[in-house]
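Dear colleague,

Please find below the structure that I am handing over to you. My findings follow directly after it.

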Amino acid sequence: MATPNATCPAPMKATSNGAFQHENPLDYALPLLILQICLVVTFTRFIAFLCKPLRQPRVIAEIIGGILLGPSAIGRSETFLNTVFPKKSLTVLDTLANIGLLFFLFLVGLELDLRSIKRTGQKAIAIAVCGITVPFVLGIGTSFVLRATISKGVEPLSFLVFMGVALSITAFPVLARILAELKLLTTDVGRIAMSAAAVNDVAAWILLALAIALSGSNSSPWISVWVLLCGAAFIIFAVLTIRPLLAAMARRSPDGEPVKEIYICITLTLVLACSFVTDTIGIHALFGAFVVGVIVPKDGPFAGVLIEKIEDLVSGLFLPLYFASSGLKTNVATISGGLSWGLLVLVIFNACFGKIIGTVVVSLICKVPFRESLALGFLMNTKGLVELIVLNIGKDRKVLNDQSFAICVLMALFTTFITTPIVMAVYKPARRGAPYKHKTLQRKDLDSELRVLACFHSTRNIPTLINLVESSRGTRKRGKLCIYAMHLMELSERSSAITMVHKARNNGMPFWNKKQDEKDQMVIAFQTYGKLSSVNVRPMTAISPLSNIHEDICTSAHQKRAAIILLPFHKHQRVDGSMESLGHSFHVINELVLSHAPCSVGILVDRGLGGTSQVQASDVSFNVVVPYFGGRDDNEALSYGMRMAEHPGILLSVVKFVPTPGKTLAFGAKLVGVSSDKGQKVVIEEIDGSSHDGKQHDDQLWSEFLSASSNNEESIKYEERLVESKGDIEIALKEMSRSNLILVGRMPSVAPLVSKSDCPELGPIGSYMASSGFSTTASVLVIQQYNPSTDIHPLVMEASDYPEVPDTPRV
């Protein structure tokens, strides 16, 4: 019986009247919730930033952030806890967090395509079954130890099942992100891991439903049976009744048209309604949301639009609240003394041993190589959000006490944290490729096919790239030109990024579209151009983190036997003519491609070549200029210019710079360039001028150019310009600023024209021409010729016995 003085705290009002009315906003539900959301999101994003160099999935940062905000660290301060997370506010916080969780599990269901499970081979099913069974059995054994020590008095059957599920789960969404991050998603290991994880995910939800049904407060076993039967009836009802409704809405949402707002509204309401039904049954509201996500048709734009509508709000704002809510229940301080720490080690060991050994043994039996089997074992050991959901349900249902809950949370954190570094150490698939001959534009066999890998990351790059390609196709004697149009897309934490990767072709890296009705919108311009011209255009889409997308570019260039990679400059031209940076990441991509490319590289400074639309072949009328100083890169630029001059709409002007007798174009400066190892500077010209071999190559190409110009005087003009100083070079270059396109070598033996540049990778001439003050109309292509002597750390190892990779489908 309650004492007369004991009173229930009054419920919190929603909004305050403001500080000027002498009211503390933190005593009211809405302002306090806003503060909690802001604090949790900011803090977890900061932890994610710190974890980024370790290549950890964001879920790790959010789990750590939640634990640190709780009573394990910052929350040890009673003042902080009572001010920011008072007990009376936790109901509102948990409710909002669980609504976010409902929609997140709806997203997880959307990612999970049951057809992939149907197509799953026996190998993946065997790995999945063993990967669940062995740790589940070890989980049962662990539960006996915990019940005998720190979990005395709990209901044995439900505790046994909860511990088995906690140790046997593989987090499907987290695994997908780790595989994509490590570029393993389309490898054999990635495909087996994803298939096995999908089977594991479905099995884990069934086991969790069983665990929840068994953990009810009513002691009658018939209640658990009724809960399971009603759950099965709900799934049958959803498949037979709700799925046809969703399929009808998906059919009425064709490609290229916006999905009706009422369809989105109906679907999201169905998620909440089904969550209510499963909560009423007694198997938790999350099941209803997950089931609706699974039965949504995956074909067409309907599922993609649903993901786009809710993923940022759910993943960005609501989901971190769930980790904070979980962290507030986690008190690491309860793990004290030798016994508790010994039990933590035991739980971690059993979780890892069961998953890894079980998976490795079955993989070896299925004739998977040992290194790949080991990688599979660690990948299948990934835990994450689903694990936390299981543990939180167990805590709410009094199956897990504070100590066993904290032990299991740390186990989930540890097993996921070790996955990425260990898989990187154990399994790094060797990139091998067949050697090929034509890695430069300068070549003896002028009638051979020219292969170009043209990269772009936004629509603004496309018109200039297409007009550059049109100028390159050489309509007279050699028209063989093949363009690989590669759309560079950043792999983010969003569900839609992983969904895009799932649609990727399964036999190579990077990823390109398999179905013609799911085309990347940005590639359509290249496809249209390919159909209107004689150019062979093949679209590709690379989806990777920007920090290592250069590996995709260089590997694809080798795989496609490209002679040159075309990259957009990391700055674009504003309306007033000045150059504005698109971000440091794109700058770094260009530097890394220059260092590791298996062929020549061109960086395109776009100032609107041909305007904002594609120029028809008959309308091409460009003035192209090549400033020629000598050296490998200038020879490549001149070779490209000579090819362009074969197009009837191109007028090529070449200006050869000649120093006064006894001097060099360095004008006394010691020239330094950047080698393929970025940290190592190398002198690119000796005091006495260019090397004998280099001079011989220059003279040979120049004589070929003079021969070509005499045969094509109406399209090729040249002059030799005597220069006495850097000022003379600047004056001559300024005269070129009125042309349409300038082709310049990256590292000619010339004194730098600008004392300081934020893009030194473009070289002494290119960095000057890329500056805002040089021109507002002349686009510049800065070209680096492939040099086998500096390609000492290639991303692709050439092997003469390597089989040829199937080519990208032509549009």
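Of the 811 residues in the protein, 56% are buried. Please bear in mind that this is a predicted model. The secondary structure comprises 26 helices and 16 strands. Among contacts between residues at least 6 apart in sequence, 80% join residues at least 24 apart.

I begin with strand β9, which spans residues 622–628. Because 6 of its 7 residues are buried, β9 is largely enclosed by the rest of the structure. This strand runs parallel to β10 (residues 650–659), to which 7 bridges join it; in one of these pairings, Pro 627 has Val 655 of β10 as its bridge partner. Between β9 and β10 the chain passes through helix α23 (residues 632–644), forming a β-α-β crossover that is right-handed. Strand β9 is also joined by 2 bridges to β14 (residues 741–745), again in parallel, and here Val 624 stands opposite Leu 741.

Strand β14 leads on to β15. The two run parallel and are joined by 5 bridges, with Gly 745 having Ile 783 as its bridge partner in β15. The chain crosses from β14 to β15 by way of helix α26 (residues 763–769), and this β-α-β crossover is right-handed. Strand β8 (residues 600–605) is likewise joined to β15 by 5 bridges, but these two strands run antiparallel; Val 601 stands opposite Gln 784.

How many of the 6 residues of β15 are buried? In this strand, residues 779–784, the count is 6 of 6. Ser 779, Leu 781 and Ile 783 point one way, while Val 780, Val 782 and Gln 784 point the other way, and all of them are buried.

Turning to the helices, α15 (residues 370–380) is mostly covered, with 8 of its 11 residues buried. Among the buried residues are Glu 372 and Ser 373, as well as the run from Ala 375 through Leu 376, Gly 377, Phe 378 and Leu 379 to Met 380. Their cover includes helices α6 (122–149), α8 (172–181), α9 (188–214), α14 (337–365) and α17 (402–426).

The aromatic residues also deserve a note. A search of the whole structure finds 10 aromatic pairs. The ring centres of Trp 205 and Phe 287 lie 5.2 Å apart with their planes at 80°, so this pair is edge-to-face. Trp 205 belongs to helix α9 and Phe 287 to helix α12 (residues 285–295), so that the pair links parts of the chain 82 residues apart. Both residues are buried.

By contrast, Phe 629 and Phe 657 form a stacked pair, at 4.5 Å centre to centre and 10° between the planes. Phe 629 sits in the loop between β9 and α23, whereas Phe 657 lies in strand β10, 28 residues apart. Phe 629 is buried at a relative accessible area of 11%, and Phe 657 is buried at 3%.

Ring pairs also link Tyr 628, Trp 702, Phe 705 and Tyr 718 into a cluster. Finally, Lys 395 lies over the face of Phe 405, at 5.9 Å from the ring centre.

With kind regards

Definitions and conventions: Residues numbered from 1 in each chain as written. Predicted model: local features only at pLDDT ≥ 70, side-chain atom pairs only at ≥ 80, totals over all residues. Heavy atoms only, no water. Buried < 20%, exposed > 50% of the residue type's maximum accessible area, 1.4 Å probe, protein only. Helix = DSSP H or I, 4+ residues; strand = E, 2+ residues; numbered from the N terminus. Pairing = 2+ DSSP bridges. Right-handed = clockwise from strand over helix to strand, strands pointing away. Contact = heavy atoms within 4.5 Å. Phe/Tyr/Trp six-rings, centres within 6.5 Å; stacked < 30°, edge-to-face > 60°. Lys NZ or Arg CZ within 6 Å of the ring centre and 35° of its normal.
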